[in-house]
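This briefing is meant to be read with the sequence and the coordinates open side by side.

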Amino acid sequence: MRSEPYEVDLEDVGVAYCGLDEDVSAKPPLQTRLLFQFYRWRTELRCKHFYIPCLVLAILFVIATVTAVVLLQVLNKESHRIIKSEMDLREYRAVTLKSNGLRVALISDVNGTESACAAAVSVGSFAEPADLQGLAHFLEHMLFMGSIAYPDENFFEYLVQTQGNGYTNAYTSDEITDFYFSTRSRFKFIMKVFAQFFSNPLLAPNAIRREVSAVNSEWQLDLNSDAWTSWDLMRELSNPKHPFHTFSTGSISTLNRTDIQDRLWEFYDRYYSANLITVAIIGNETLDTLQEWAEEIFTAIPNKEKTKPVFNQLPFPPGDKRYISRAIYYQPKSDKDSIKLVFPINIPDYPNLSYLTYLLGYEGKGSLYQYLSTRGYITTLISSISTEAQNFVLVSVTCDLTETGLKKPKEIVKALFQFVKRVKDNGVNEQLWKENKQIDELKFKFKEKEDPANYASTISAQMARVTDPRDYLDPPSRRIYNQTLEEEIMAHITPDNFNMYISSLKLSPDSITVYGPQLTEKEKWYNTPYRNLQIEQSDITNWENVDLDDDLTLPETNPFIPDDFNMKEYEGTAKPVTVDAPEVSDMTVWWYQDEEFNQPKIYMGCRVQPTPSKPSVESALLSEMLSTVFQRETSESLYPAVSVDYSIGILFDDYWVITLSGFSDEAKVKKVIESGLDSLFQLNFAQDDEHFNATVREPMRKEYVNVQNWMPAQLSRRYAKMVQDENLYTSQDALDKIDSLTQQDIQDLRDNFLNNIAIDCSIMGNVVRQQAAEYAEILKNKLVTGADGSSTIVKEDRLASYIYPVFKLPVNTTLVIRKKVLNPDEPNSGVLTQFQIGPKESNGPYTDKLPYHRYVLATLLGLMMREPCFNYLRTQQQLGYVASCFEEEYKDIMVFNILVQGSREDAGAFVIAEQQDIFVDLQYDKFVNQSNTDDGQKLWQDIKVALRKQIEEKPISLSEKNTQLNKEIFSPTRDFERKEKKVKALETVTMDDFLEFYRRYLMSENRRKISSQVYGKDDDMPITVDASKGEVLVTDIQTFRADLSERFAKDE
């Protein structure tokens, strides 16, 4: 044996290791040490007489060593692998940029046509300084307003919307600020501009002043939103030592400061660091290319080695009766009675609460929902997670209340703790926990593609919470049954660890009522009247000592969990075809077997059409009541199916639409169809009148009363439609009729509807022809037998009978609708300027052009006007937070809309309408100027390319494909070649065609125009119009509509 030091060259691992003794302080990797050990043994063995046997042992050792090294590498690679569904054909890769430590998730979708990118910053409103509330949200706005490299304020929006035909957005939550966009072209360059948000923003003073106004407008937009007012009330009444207490939106009063630019930079420099930013990139390039782009584009983001802000306090500290065990009574903005029970789960690191929320929100037999609903206390129950933070989670149980329930909130709380006692007494049910996980795994495994921008946003936000790539997609397989953790979670659901929020307009700031105390306090930001009381100890004691109730039980084993996921042998065709089978000879059944998405799912949609009749307010209300009764009475039997992603619904209207979707397991599909339709004919129309009023009539009445709380922009659109559509009625029309309708009327509507019906069905997915016929036959037979055999089925094309054409507006005229907001507290005004174009199938005056010539021009108009509209009306003129231009179809008639909502005191509805007209004229001149330049012509071609990509875009999921095919199947002008025809029309369209179209429909004497103006509470409304501009004031919509008679011809 050699005694002197010797050197072994280990090229594979790149080290030189000298001597016989290990230097523990600088221990090399395990594979290095194993190889060194082998070299040392080999040297020793050369001096022995039993060289060959030992050589064999040495070789075996080498094999074992190599195996161990490979295994280590596999395990190491596995720990850095993004776990995706085995059905997901996209490729994923997690990388960390060497230059700055920024973590990136790459998703290569070679078949995708829309790319997306999202960046999540691990900081939100919780990190704001106490004296600058809304700063994080304001910074989110400001980062869109240009960078040093690309200083034009709307350059990014212009690229995304106009050239990329995509969209962009962002949000600020408590601990995360997330930015995202999608595009159909110029992905790399747009991503390069996007990355400048996080390395070299401008934060220019002139933009700051305007964007403070935009944030203020966003806050005022939600002043009458119950979601925002209740949320902010919860925050205001929390522990002021925790940032949950702060006002996160921001307003002029919190942000309009002389040092605001310095404070923006201070916040940006403190938190916008590469090590606190996570990025998700989705593109149709390879993973290697996407990684190259990520390294090239995002390397410039500096790593300032910042740490996430940490918050040691809790918003609702256990045992602190100032903030927990509170009963908060408040007045909402809408006429809606509700109770919300909020439990803080003070466990760090985002514990998975799916088992708890599943139990609390279950609606099947023995559930809390069924218990409270059958007693007439509630109409809905939702269990949800309100907030997820570093060291706490808020779990909520929210119920819409009946009059009886509003008077008995303590009974509702008692029932909840009776159910919780049942859960705790049974202990954590491992079988039920695993069944819940199994269902979530099925959903994950067979999850269909979603919108790329939203998907990227979801992934980037998840990455901000976790560091292990295996958790980036939050796969259920990573959940491990942990009885101790589940018991710890459940231990937080106690009578002394929740707050109760009771909301009703019947509560009063002026006096005590039978529903609660006098509301003597007002929330600061939304002026919500409230009263904050401590829950009596006697009530807590009573809830701690509740008895079990036999009507409250745990969910049974779910009978709808599918077993068969096999793909059927393909026998389909390229396009949907009708099924020729004797059992459905009296129906029209369209069938399409999919072979593209490899999903064991089925989509079924059927239109059941009676003899056409004129719609009425009464029939619409009765259909709505029938829908409510059906949903309430089928929840117990069908909720287990719904929890496994089966869906069966019936839309009751002038015709019925019966839909089913879910896994294609034949036995389960038949079970869902039969259960749903059997329930339709087992509905109870002899309910106690008080119960019927509380659970059906009153909720419907409140929906129509609450129209007064619609945003002005919504009302402006409603009024414009009412001028053109004789079948639209006012909310007051509905309120005048509701009380006169009885349960017998509902039953008569159902039964009479089925006397003479035509049935058109589409069935597609993992389904063969014979199965499609069987499913359609089951549906037909259930309808016939349910109607006691009195139903007559006729094979007749009634699709066109249910399209009620709208009225043509007079030419060269602007119909001006001026209405005051219905809510006396609404500060916003909303204005819709709408131009009628004509039937979507017609080319109108362009008779010498290819089919869809006019349709393509209308689509181009919407695409080309989107960004300029936002830039002029919002960014430059600061007219309101809502500012958009878009084309749409209303009852097969194309229209073009300019919609703005704002609350500027010096820019009410009249000014907004004027500026919309100015914008139309200015933008036309800009388009004319662009058409005369090479850059303008290049932009025109780029926009046409972007639109072509959109038209040719294949559906990204079976669900989307089903929607697209059904749009044709249930169209009177069915055309499965529509896409190809639109592309051909697009190829021939010129910029001159576009300018002529613009003049004809938006500016010329041929235009048909409405200006629907809804005035805010402080906005002065003029009583005259300018006749010289062709303006006609419509004071009474229904009276004016009665004088209209002309409708669009099909070829107009």
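Strands β24 and β26 are paired in the antiparallel sense, and 10 bridges connect them. The model is a predicted one, and the points below are grouped by topic.

**The sheet around β24**

- Within the pairing of these two strands, L832 stands opposite L899, the latter being a residue of β26.
- β24 also pairs with β27, again in the antiparallel sense, over 7 bridges, and in β27 the residue R1008 is the bridge partner of Q836.
- Of the 11 residues of β24, 11 are buried, so this strand is largely enclosed by the rest of the structure.
- The sheet as a whole is open and has 6 strands, which follow one another in the order β25-β26-β24-β27-β23-β28 with mixed pairing.
- Its edge strands are β25 (882-890) and β28 (1031-1034), each of which pairs on one side only.
- On average, and with direction ignored, neighbouring strands of this sheet are turned by 20° against each other.

- β25 pairs with β26 (residues 893-902) in the antiparallel sense over 9 bridges, and I898 in β26 is the bridge partner of C885.
- C885 is buried, because its relative accessible area of 3% falls under the 20% limit that is applied.
- Helix α27 (residues 909-931) lies across β23 (813-820), β24 (829-839), β25, β26 and β27 (1008-1015), and the helix runs at about 40° to β24.

**A helix pair, α3 and α9**

- The axes of helix α3 (residues 135-142) and helix α9 (residues 260-271) come within 10 Å and cross at roughly 90°; the two helices are therefore roughly perpendicular to each other.
- On the α3 side the contact is made by L135, A136, F138, L139 and M142, and on the α9 side by I260, R263, L264, F267 and Y268.

**Cysteines**

- A search of the whole structure finds 1 disulfide, and this link is formed by C606 and C761, whose sulfur atoms are 2.1 Å apart.
- The link of C606 and C761 is right-handed, with 110° about the S-S bond.
- The pair connects distant parts of the chain, since C606 belongs to strand β18 (residues 601-610) and C761 to strand β21 (residues 756-765), and the two cysteines are 155 residues apart.
- C606 and C761 are both buried, and C869 is likewise buried, with a relative accessible area of 0%.

- Q878 is not a glycine either and has a positive phi of about 55°; Q878 lies in the loop between α26 (853-876) and β25.
- Q878 is buried, with a relative accessible area of 10%.

Definitions and conventions
Residues are numbered from 1 along each chain as its sequence is written. This is a predicted model: local features need pLDDT of at least 70, side-chain atom pairs count only at pLDDT 80 or more; totals for chains, interfaces and linings use all residues. Side-chain values use heavy atoms; hydrogens and water are left out. Axes are lines fitted to C-alpha atoms, for helices over the stretch in contact, and angles run from 0 to 180 degrees between N-to-C directions. Helices (H or I, at least four residues) and strands (E, at least two) are DSSP runs, numbered from the N terminus. Angles under 35 degrees count as roughly parallel, over 145 as roughly antiparallel, 65 to 115 as roughly perpendicular and the rest as oblique. Contact means heavy atoms within 4.5 Å. Two strands pair if DSSP finds at least two bridges between them. A disulfide is a pair of cysteine sulfur atoms within 2.5 Å. Buried means under 20% relative accessible area, exposed over 50%, partly exposed in between (1.4 Å probe, protein chains only).
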